[in-house]
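Welcome! Please take a moment with the sequence and the 3D view, and then read on for a short tour.

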Amino acid sequence: MSALSYIFAGAFVAATILLVFGLARKIVQYARTPAPLKIPTTPAPTTTSGVVVRMASEVVLFNSLFKSNKWIWIFGWMFHFSLLLAFFRHLRYIVPPESFLWPLVSMQIVQAAGKYAGLAMLIGLAGLFVRRIVVDRVRYISSPSDYLMLILIFSIAATGVLMSFYARDVDIVQLKAFALGLLYFDWQPLPESGLLITHLALVLILMVIFPISKLLHAPGVFFSPTRNQVDNPREKRHLAPWAAKLEEGNG
Amino acid sequence: MADFETPEIKEYPVIPHIKLGVMSHSKPFLSKEEFQEPLGYPGELVDDWQEKAYAKMEELLGKYRSFRVYLDSCVKCGACTDKCHYYLGTEDANNMPVARQDLLRRVYRRKFTFAGKYFPKLVGAVDLTKEVLEEWYSYFHQCSQCRRCSVYCPYGIDTAEISMAAREIMDSIGMGQKYCNEIIGKVFKIGNNLGLPEPALADTLEGLEEEVEDDTGVPVKFPLDQKGADILLVTPSADFFAEPHVDGLIGYAKVFHQAGLSWTLSSHASEAANFGMFIGSYENMRRISVRIREAAEELGVKRIVFGECGHAWRVAYSFLNTLAGPFDFLDPNYPVPQHICEVTYDLIQRGVIKFDKSENDHMTLTYHDSCNVARASRMGDEPGGQFRIPREIIKACCNNFVDMPSDTIGEATFCCGGGGGLLTDDLMEIRVKGALPRMQALKHVVENHGVTHMAAICAICKSQFTKVIPYYGFTMDQIVSVHQLVSEAIILDGADTDDDGDSGDEE
Ligand code: SF4
Ligand code: SF4
């Protein structure tokens, strides 16, 4: 096994640990921080099931964004939905053929959708990038990191697309062996392909910066009090632990 | 005269190009020691203000999930950039909601995140310098906490939460805003925002009784501190004398009278407003709210009803149970608290009160949804009742009603420009400019649908509009209270009738 294979295998383990622990830390932090007041943006659902529907429409359809700005919505949604399809396509590398999931993952439609989603992802990201540069308001609020983030994900998608459409010489069987090897701690060599190595290196960067960047919007949206609270303050008294202490303190 | 230009109402609303720093001079008067101290804040900027501010920020990060999650989650998508009336009216880049948040987020990143600590340039992180603090003071007092941006953000990021936190941080280091803090002090000391003491209040109410009896021949009462009354009415103190607020108060009294409901005002809680919210102070908001509970207990009432006020209704509807509850000593058959519109609407539905709509025929009405009612509370049992119920009331007592364009009402409503603790003369420029989108929508219905008057259910909106609409070529008296319309049209038993049968034309 080449030194590069070892480096990548080690890096993947390290990046996974950083990603999982980093995200878990943030999620625990969000969950532990109380929301002392009822602040749903109204009109808001008056039941928990209503909140589930509201949240689902935000997460799946980007409902608020749709109300707000059709351009950002179309590019943003295209990118995120493609990301999901591409994710499904990538499952074939970590799902063993014996698994009950395999028939699903290996379906022609899943694989094809994931492949073409790569193209849609590029269009979505390019749209967002152009907006960031062209619209003066968005340019003003952008930091270097905002551009770099788009460039990073664009590059990941682009190398992925190149591999599935043009340079189709990556040894997929060996790649799967490498991926499963990571899962089972039985490290296997990485196929030698410049595109693949670039693709994976960029993914590693993305994994590491996920918990320390604006990508935290992914867990964040679920914890947003304006979206996840039930509108029932008159019916049910809502009291944060620190506020309850205040009451004990001075009546 | 004003030393600024009133923005021009264009034919169609336009999203302006950004301008840098054109409103950075706008700052409210600083609070002095005498106003800071009663609220528990230092009287002037403390020596180690930077460290104290960081410490306060850390405390708030641990106390408010909204603050913590919103500082992390913004992706700078730009969806909110054209949603703030202050941006649309001033074109100042820092009045874009995300830019306003970023004034604080930059400091948060620098101090509390890995990326900001080690790569500040990359993520736009900065230390809290004196210049940054000055920017905070300026631009966090150009946010009316109207939550319009929150409606459109894909993560519901509410800039109001950020500006409340910013104001709380500034208060804690001795950089408070005079207007809000002085008023809160008056509430603690005297009982209401205006500093109207009990005898003056009693006098005013007596005067109103005479006025209504002269007018209608019906002895409509305005009871004060009446023990054993069923309903405690808590209303903004502007209702006691300001125009058109007071006509609304007369409307509530007529409704109670005609429905035979026993009610009272309280001199202890003679104020519905709660400016504790504007300065983001849970403690002060709680202290103000507790007065209402005390008044209810002392007077032995069964229900609490709030008069027409936007942010007061938010604090009442969304927070009162939290801050001063539980209200299990009140009649469980009624929600606590209720909005006067809920009471009136219910009476209309049950046929208890009736109207002679023709009394309002000289007007064509439109209705301004106040932000705090629209986006931070509810009326009735159904989501959206806060839009439906006031309109139903207006339609029940007026023949002519037209809504403004749909992207300027309901949850998309534009702030009057004077909410969130900005209703002070030292902020006149931002108030006038911030009213632009609402004025645009009003002008549209005035020109296309013959609208003559705009009704509102918020004391701040009414005061703000009467003051700023002359800048846009309208007149003060075009702003009316919803219960003023009720008052004009309600049929009171035993009232003098017009002998000639021709209503509304006599001198
Ligand atoms: S809360 Fe209202 S005033 Fe404040 S930034 Fe958002 S839209 Fe503007
Ligand atoms: S809409 Fe929300 S996520 Fe987008 S820039 Fe504004 S605050 Fe940030």
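Here is a briefing on salt bridges, surface patches, cysteines and one loop.

This is a predicted model, in which local features need pLDDT of at least 70 and side-chain atom pairs count only at pLDDT 80 or more, while totals for chains, interfaces and linings use all residues. Residues are numbered from 1 along each chain as its sequence is written, chains are lettered from A and ligands numbered from 1 in the order in which they are written, and side-chain values use heavy atoms, leaving out hydrogens and water.

**Salt bridges**

- Over all chains, the structure holds 31 salt bridges (a side-chain nitrogen of Lys or Arg within 4 Å of a carboxyl oxygen of Asp or Glu).
- Lys214(A) pairs with Asp146(A), with their closest N and O atoms 2.9 Å apart. This pair links distant parts of the chain, 68 residues apart: Lys214(A) is in the loop between α10 and α11 of chain A, and Asp146(A) is in helix α8 of chain A (helices are DSSP runs of H or I with at least four residues, strands are runs of E with at least two, and both are numbered from the N terminus).
- Lys214(A) is buried at 11% relative accessible area, and Asp146(A) is buried at 3% (buried means under 20%, exposed over 50%, and partly exposed in between, with a 1.4 Å probe and protein chains only).
- In chain B, Arg293(B) and Glu297(B) form a salt bridge at 3.4 Å, N to O. Both lie in helix α14 of chain B, four residues apart, about one turn of the helix.

**Surface patches**

- A nonpolar patch brings together Leu148(A), Ile151(A), Ile212(A), Phe114(B), Tyr118(B), Phe119(B) and Leu122(B), with about 670 Å² of accessible area together (Shrake-Rupley method, 1.4 Å probe, with only the protein chains shown counting as cover for residues).
- Patch members have over 30% relative accessible area and no salt bridge; like charges are joined within 9 Å, and nonpolar side chains (Val, Leu, Ile, Met, Phe, Trp, Tyr) within 5 Å.
- Ile151(A) sits in helix α8 of chain A and is partly exposed at 40%.

**Cysteines**

- There are zero disulfides over all chains (a disulfide is a pair of cysteine sulfur atoms within 2.5 Å).
- Cys415(B) is in no disulfide, and the nearest cysteine sulfur, that of Cys371(B), is 4.0 Å away. Cys415(B) is buried, at 0% relative accessibility.

**A loop in chain B**

- Pro326(B) lies in the loop between α15 and β4 of chain B and is partly exposed at 36%.
- The C-alpha atoms of Pro326(B) and Val336(B), ten residues apart along the chain, are separated by 9.5 Å.
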